[in-house]
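The sequence and structure are shown first.

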Amino acid sequence: MQIGEVAARTELSLRTIRHYEETGLVVPSARSQGGFRLYTEGDVARLMVIRRMKPLGFTLDRMRELLAATDRLDEHAGSGPPEGREREELLESLRGFEEAARQRTADLRTQLARAEEFTTTLHERIERIERIDPIRTGRSGEESEGGPHPELTAPA
């Protein structure tokens with residue numbers, strides 16, 4: 001498939017896919033006679049791994065390390081998949097990536113929970129203000145008199 005279809009399937013921009021090619025993370029499996037990049041399902045799967053690592057904060061170098069380890073473990077041509085010590089070292093490397101991904105996911109969950117709490121706090125504050133002084137907030141009702149309301153100035 002051509003790069004446009006790959007971009008649509010992976011939800012990555014053409015520019016991002018080209019950047020990953022320039023950095024050596026993914027290489028098109030072939031080129032058409034006209035020079036267009038051609039990708040296989042394996043290339044799409046590789047891009048999906050990269051896309052999933054990105055929001056977890058993995059650097060391009062760490063992505064490259066993971067892909068090299070998985071490529072070696074998945075190798076079936078030539079000498080075949082690794083055995084013995086090499087296999088255990090590669091598996092240990094993958095375990096390290098898994099633990100890093102788990103930790104980063106937990107950190108993101110904490111950040112998301114805080115963001116949701118903040119959003120709820122803002123929503124509740126807006127509702128309180130609108131109930132107390134609907135005319136100043138652009139809601140229906142009569143304009144109230146008097147000084148500032150504690151709900152407008154007090155922290156939530």
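The axes of H3 and H4 come within 11 Å and cross at roughly 140°. That angle makes H3 oblique to H4, where oblique is what remains once angles under 35 degrees (roughly parallel), over 145 (roughly antiparallel) and 65 to 115 (roughly perpendicular) are set aside. The crossing in which H3 passes H4 is right-handed. Residues Arg46, Val49, Ile50 and Met53 of H3 meet Arg62, Met63, Leu66, Leu67 and Asp71 of H4. By class, this contact of H3 with H4 has six nonpolar, no polar and three charged residues.

The model is predicted: local features need pLDDT of at least 70, side-chain atom pairs count only at pLDDT 80 or more, and totals for chains, interfaces and linings use all residues. Numbering starts from 1 along each chain as its sequence is written, and side-chain values use heavy atoms, with hydrogens and water left out.

Helices are DSSP runs (H or I, at least four residues), numbered from the N terminus. Axes are lines fitted to C-alpha atoms over the stretch in contact, with angles from 0 to 180 degrees between N-to-C directions. Contact means heavy atoms within 4.5 Å. A crossing is left-handed if the near helix is turned anticlockwise from the far one by less than a right angle, and right-handed if clockwise.

| Pair | Angle | Axes |
|---|---|---|
| H4 and H5 (residues 84–132) | about 140° | 10 Å apart |
| H1 (residues 3–10) and H3 | roughly 45° | within 10 Å |

H4 passes H5 in a left-handed crossing. On the H4 side the contact is made by Arg62, Glu65, Leu66, Ala69, Thr70, Arg72 and Leu73, and on the H5 side by Glu86, Arg87, Leu90, Leu91, Ser93, Leu94 and Phe97. These residues divide into seven nonpolar, two polar and five charged. Ala, Val, Leu, Ile, Met, Phe, Trp, Tyr, Cys and Pro count as nonpolar, Asp, Glu, Lys and Arg as charged, and the others, Gly among them, as polar.

H1 and H3 cross in a right-handed sense. Val6, Arg9 and Thr10 in H1 meet Glu41, Val44, Leu47, Met48 and Arg51 in H3. Four residues of this contact are nonpolar, one is polar and three are charged.

The largest pocket has a volume of about 160 Å³. Its lining consists of Gly42, Asp43, Ala45, Arg46, Val49, Leu66, Leu67, Thr70, Asp71 and Asp74. Helix H3 (41–53) and helix H4 (60–74) are the elements that give two or more residues to this lining. A pocket is an open set of points on a 1 Å grid over the protein atoms alone, where a 1.4 Å probe fits, with protein on both sides within 12 Å along at least five of seven lines; lining residues have an atom within 4 Å of a point. Volume is the space filled by probe spheres set on the points.
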